[in-house]
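I open this notebook to record what I looked up in the structure shown below. The entries follow the order in which I turned to each part.

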Amino acid sequence: MYEILKKHKSFGGETIFAEHYSQSTKTKMRFSLFLPQSVENIDSAIIWLSGLTCNEENFITKSGVQAHLAGTNTMIICPDTSPRHLGIIGEDDDYDFGSGASFYLNASISPYADNYQMEDYIVKDIVQLLKNDFNTNKVSICGHSMGGHGALVLGLKSGTLFKFISAFSPILNPVLTPWGRKAFKGYLGDNQNAWKNHDACELLKQGYKSDANILIDQGTDDEFLKEELLSENFEHAASEVGQKFRLNYREGYDHSYYFISTFLNGHIQEHLKHLA
């Protein structure tokens, strides 16, 4: 069950901001969603995972996704990017670690292990919420940057749970990047073999694959492309193991929501096709 904090009439449906208690994180967690129809007419859902520094409001407010889902039977839900206000020393000090920067994994070392169980939160709590409160029987997943990383990793690891996977500007090989190494060391410790279980390229090498064709859009003027995102590494890894994917390099686009909103409709249409 969830508590509605606020809602707005939007494109014939409702944009809702809500809160619920998570068994996985042992905290209250917030999320936003768009219902294009009344609840009884919803049959499928897209989970959107946002990036570093974001919360449950960024995507639903900036992307314009409501217009692309209007009149369909598919809702979208946008969970917060981490637990909040835990009283952990340093949790709010850096934009790329702690609050707003969970990397959608289950932390295994103190002080984050008790609450930063974000992989379980998405694949268990959010999926269960969708089934119990909205009667959805089909789910897909997508995201941006750190959230794109989360969508790909959770999608690859969860078998047939997600009908389609897509991402904008995802962190694709985080074991080799400053963002990834910082987060993995802080949440998982020094065992770098454990890090590989949270890296899309490494998961492909381990034999994880998706039956669906993975869709990725990446801007060529993205300031993080060469150091943090490493799109070419995913191209090589996916091609070597036969993972179906389409990676579009978009000339002149950056890492922002201007980029996301430009190409979002193409992603939504693919999700709708696979959820049909």
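Entry 1: I began with strand β2 (residues 13–22), which pairs with β3 in the antiparallel sense over nine bridges. I take two strands as paired if DSSP finds at least two bridges between them. Helices (H or I, at least four residues) and strands (E, at least two) are DSSP runs, numbered from the N terminus. Within this pair, Phe17 stands opposite Ser32 in β3. Four residues lie between the strands of this hairpin, and Lys26 there takes a positive phi near 60°.

**Entry 2: the basis of the model.** I note that this is a predicted model, in which local features need pLDDT of at least 70 and side-chain atom pairs count only at pLDDT 80 or more, while totals for chains, interfaces and linings use all residues. Residues are numbered from 1 along each chain as its sequence is written, and side-chain values use heavy atoms, with hydrogens and water left out.

**Entry 3: neighbours of the first pair.** I followed β2 to its other partner: β1 and β2 pair in the antiparallel sense over seven bridges. His8 has Thr15 in β2 as its bridge partner. The hairpin of β1 and β2 has two residues between the strands, and Phe11 takes a positive phi near 50° in it. I then returned to β3 (residues 27–35), where seven of nine residues are buried. Buried means under 20% relative accessible area, exposed over 50%, and partly exposed in between (1.4 Å probe, protein chains only). β3 also pairs with β5, in the antiparallel sense over four bridges; Phe34 has Ile76 in β5 as its bridge partner.

**Entry 4: the whole sheet.** I traced an open sheet of nine strands with mixed pairing, in the order β1-β2-β3-β5-β4-β6-β7-β8-β9. Its edge strands are β1 (3–10) and β9 (245–250), each of which pairs on one side only. On average, neighbouring strands of this sheet are turned by 20° against each other, direction ignored. Axes are lines fitted to C-alpha atoms, for helices over the stretch in contact, and angles run from 0 to 180 degrees between N-to-C directions. I also checked a parallel pair: β6 (residues 138–144) and β7 (residues 162–168) are joined over five bridges, with Ile141 opposite Ile165 in β7.

**Entry 5: helices on the sheet.** Helix α9 (residues 231–241) packs on the sheet and touches β8 (214–219) and β9; its direction makes about 155° with that of β9. Contact means heavy atoms within 4.5 Å. Helix α10 (residues 257–275) lies across β4, β5, β6, β7, β8 and β9, running at about 170° to β7. I found a kink of about 50° in α10, centred on Phe263; the bend at a residue is the angle between axes fitted to the seven residues ending there and the seven starting there. The buried residues of α10 include Phe259, Phe263 and Leu272.

**Entry 6: the nonpolar cores.** A nonpolar core is a set of buried Ala, Val, Leu, Ile, Met, Phe, Trp, Tyr and Cys residues joined through side-chain atoms within 4.5 Å. The largest has 63 residues, and Ile47 and Tyr187 have the most contacts inside it. Helix α3 (residues 118–134) gives the largest share of this core, nine residues. Apart from it lies another core, of 20 residues, among them Ile60, Leu69, Phe259 and Leu272.

Entry 7: Which loop holds Gln243? I located Gln243 in the loop between α9 and β9. Gln243 counts as buried because its relative accessibility is 4%. A polar atom of the Gln243 side chain lies 2.7 Å from the backbone nitrogen of Ser210. Asn248, in strand β9, also counts as buried, at 17% relative accessibility. The side chains of Asn248 and Asp217 are joined by a polar contact of 3.3 Å. A polar contact is a pair of N or O atoms within 3.5 Å; within protein, one must be able to donate a hydrogen and the other to accept it, and residues adjacent in sequence count only if both atoms are side-chain atoms.

**Entry 8: backbone exceptions.** Most residues other than glycine have a negative phi, and most peptide bonds are trans. I found the peptide bond from Ser110 to Pro111 to be cis, with omega near 5°. Ser145 has a positive phi of about 60° and is buried, with a relative accessible area of 3%.
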